[in-house]
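Biologist: Could you walk me through how to read a few features in a model like this one? I would like the general idea and then the case at hand.

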Amino acid sequence: MATPLSPQSGSPLSALKTIAVVGLGTMGTGITEVLAKAGREVIGIDISETQTARTVAALESATARAVERGRLTEQERAGVLARVRTSTDLRAAADADLVIEVAPESYEVKHQIFRELDGIVRPETILATGTNALSVTRLAADSARPERVLGLHFFNPAQAMKLVEVVSSVLTAPQAVAAVTDLAIELGKEPVAVGDRPGFVADGLLFGYLNQAAAMYEARYASREDIDAAMRLGCGLPMGPLALLDLIGVDTARTVLDAMYAESRDRLHAPAPILKQLSEAGLTGRKAGRGFYTYEAPGSATVVPDALTPAADGARTAGRPVRSVGVAGSGTMASGIAEVFAKAGYDVVLAARSEEKAQTAKARIGKSLARSVDKGRLTAEAAAQTLDRITPAGSYEAFADVDLAVEAVAEDLEVKRQLFQALDKVCKPGAVLATTTSSLPVVACARATSRPQDVIGMHFFNPAPAMKLVEVVRTVLTADDVHATVREVCAKVRKHAVDCGDRAGFIVNALLFPYLNNAVKMVQEHYATLDDIDAAMKLGGGYPMGPFELLDVVGLDVSLAIEKVLHREFRDPGLAPAPLLEHLVAAGCLGRKTGRGFREYARR
């Protein structure tokens with residue numbers, strides 16, 4: 001189980017003064033810099049003299065930049081560089097209080113290093129592995145000092161990332177854990193104690209999600225660009241999953257997933273075949289110059305066009321003209337969508353089940369526009385003009401002349417079917433009919449009409465005025481010019497459209513909710529606490545919110561409903577909703593809206 005950690009009084013600052021780092025790749029070099037800046041004597045060891053020279057050069061460059069930016073004085077820089085020495089001989093670790101191994105993810109390589117270290121270091125020396133995929137217990141069991149072996153998993157880049165996972169096996173002595181935990185805190189890191197299972201917390205959640213994204217791309221469900229844009233814009237993630245796989249290394253991801261699958265036997269962890277194909281072809285990501293994307297050169301972050309880069313929009317079918325838009329619904333989503341269209345200059349009919357509900361929805365838009373004026377994002381004149389373009393109506397009969405009708409009513413298939421039957425009767429021939437569903441089949445809405453070719457999914461994200469993403473969902477019956485119409489409208493309302501087919505969850509929810517469900521399973525299995533998991537994903541993955549913060553915001557009932565839809569469609573046991581989620585919903589603990597979900601909230 002993971003627990004928050006604090007300094008232990010029995011582990012003084014001097015406990016781990018001299019530290020050897022074995023393996024001077026990107027991670028080893030980063031850890032060396034962090035340790036030297038924190039006043040530790042560091043011995044950097046690598047079998048390659050070229051690599052040790054690169055590490056020294058990287059340290060000289062990094063510290064020089066720090067001096068230029070005023071973060072170090074010249075004297076401090078000299079001290080940092082003086083505290084680091086390098087060697088190609090493992091015997092240089094003889095005097096180390098702690099050895100941190102960050103060699104390639106191979107049991108054979110790591111076992112050899114640990115066996116040699118057993119005959120070199122002092123009996124009290126702690127041996128730490130930086131693995132994120134292999135069993136710490138298996139590495140410890142092969143050592144002559146299993147009680148002194150643990151995991152110390154830094155995140156890349158080690159200089160910037162705050163999270164450090166401290167991994168204990170059943171053999172690890174508490175004193176070793178305490179000493180390493182204190183070191184992590186003294187380095188300015190936020191350590192989290194976890195048990196020994198592949199992926200630990202952060203990577204255990206992250207790599208399942210990355211694997212699903214790779215499988216989605218391999219199935220040609222969506223383009224690599226659309227998958228990445230959807231997760232960046234729809235979830236606020238710093239990188240899309242396929243770009244992140246290229247950064248991590250496709251081969252590294254495959255190794256981690258293989259280890260996770262060996263333990264869990266969960267199909268969600270079985271590496272997508274494309275990971276094997278790319279790895280064996282040497283297309284391992286940025287480091288090779290090509291992976292899911294093609295890069296300017298090996299090691300470059302600059303993506304260059306290749307055969308898979310989408311063609312310019314000029315090749316698309318022309319869309320139908322859209323001058324007026326109807327928005328059906330009176331809730332937050334309907335109001336937000338109506339505001340988006342009105343701001344872009346469209347005349348909007350906002351229709352609800354009664355005139356009163358429609359007026360209330362328009363008043364909500366007025367308040368939203370007023371807030372934009374107060375924040376300087378909109379002039380008072382523009383806000384007034386926007387509001388004037390919105391006509392509230394108590395009947396869908398008001399949609400008779402609209403060119404595009406967008407429904408944003410309750411996420412209930414029967415309710416939506418009935419609405420589309422009504423729109424079919426009311427709307428003029430050639431009008432595009434769109435649903436904003438996030439999880440229901442668009443084709444079921446289309447089949448409720450006599451014109452399924454005119455029906456498409458147009459999934460906005462909440463809050464619609466702020467969120468840039470729209471998932472454009474084609475059914476097998478959607479006409480090309482209807483698809484083109486919605487793409488053109490998205491561009492005019494300044495939204496980023498991504499294309500996907502009509503299957504449960506589309507892109508974002510299909511990738512997001514299995515990740516959230518797996519986080520619930522971690523808590524359910526007492527492997528980690530809510531706070532540790534949220535901290536791990538924010539600090540280790542750069543996520544704007546931890547999974548439990550997000551679940552409570554979305555609503556546990558909404559989350560459970562989406563999980564059930566995904567499970568029903570894909571029939572994968574790994575997608576079955578976590579029982580803990582079902583129990584909380586049954587108890588009425590639905591998140592912030594009820595004052596209690598995974599956490600408790602003050603009532604407003």
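Predicted model: local features only at pLDDT ≥ 70, side-chain atom pairs only at ≥ 80, totals over all residues.

Biologist: Where is Arg 265 placed?

Modeller: Arg 265 sits in the loop between α10 and α11 (273–280). Phi of Arg 265 is near 55 degrees, a positive value in a residue that is not glycine.

Biologist: Is Arg 265 buried or exposed?

Modeller: Exposed means over 50% relative accessible area. Arg 265 has 55% relative accessibility, so it counts as exposed.

Biologist: Which loop holds Arg 494, and what is its phi?

Modeller: Arg 494 is in the loop between α17 and β19 (496–501). Its phi is positive, about 60 degrees, although Arg 494 is not a glycine. With 66% relative accessibility, Arg 494 counts as exposed.

Biologist: α17 came up there. Where does His 483 lie, and is it buried or exposed?

Modeller: His 483 belongs to helix α17 (residues 480–492). Buried means under 20% relative accessible area, and His 483, at 8%, counts as buried. Leaving aside residues up to four places away in sequence, His 483 touches Arg 316, Ile 456, Val 472, Arg 474, Thr 478 and Asp 499.

Biologist: Now to helix packing. How do I read a pair of helices?

Modeller: Two packed helices are described by the angle between their axes and by the distance between those axes. Take helix α7 (residues 202–218) and helix α10 (residues 250–264): their axes come within 10 Å and cross at roughly 110 degrees. Angles of 65 to 115 degrees count as roughly perpendicular, so α7 is roughly perpendicular to α10. The crossing of these two helices, α7 and α10, is left-handed.

Biologist: Which residues of α7 and α10 meet?

Modeller: From α7 come Asp 203, Gly 204, Phe 207, Gly 208 and Asn 211, and they meet Ala 253, Val 256, Leu 257 and Met 260 of α10. Sorted by class, the contact of α7 with α10 has five nonpolar, three polar and one charged residues.

Biologist: What about α18 and α19: at what angle do their axes cross?

Modeller: The axes of helix α18 (residues 508–524) and helix α19 (residues 530–541) cross at roughly 140 degrees and come within 9 Å. Over 145 degrees would count as roughly antiparallel; α18 and α19 are therefore oblique to each other. The crossing of α18 and α19 is right-handed. In α18, Tyr 515, Ala 519, Met 522 and Val 523 meet Leu 530, Ile 533 and Met 537 in α19. By class, this contact of α18 with α19 has seven nonpolar residues, no polar ones and no charged ones.

Biologist: Let us turn to cysteines. How many disulfides are there?

Modeller: The test is a pair of cysteine sulfur atoms within 2.5 Å, and by this rule the count is zero disulfides. Cys 235 is in no disulfide, as the nearest cysteine sulfur, that of Cys 500, is 13 Å away.

How values were computed. Residues numbered from 1 in each chain as written. Heavy atoms only, no water. Axes fitted to C-alpha atoms, helices over the stretch in contact; angles between N-to-C directions. Helix = DSSP H or I, 4+ residues; strand = E, 2+ residues; numbered from the N terminus. Parallel < 35°, antiparallel > 145°, perpendicular 65-115°, else oblique. Left-handed = near helix turned anticlockwise from the far one by under 90°. Contact = heavy atoms within 4.5 Å. Nonpolar A, V, L, I, M, F, W, Y, C, P; charged D, E, K, R; others polar. Buried < 20%, exposed > 50% of the residue type's maximum accessible area, 1.4 Å probe, protein only.
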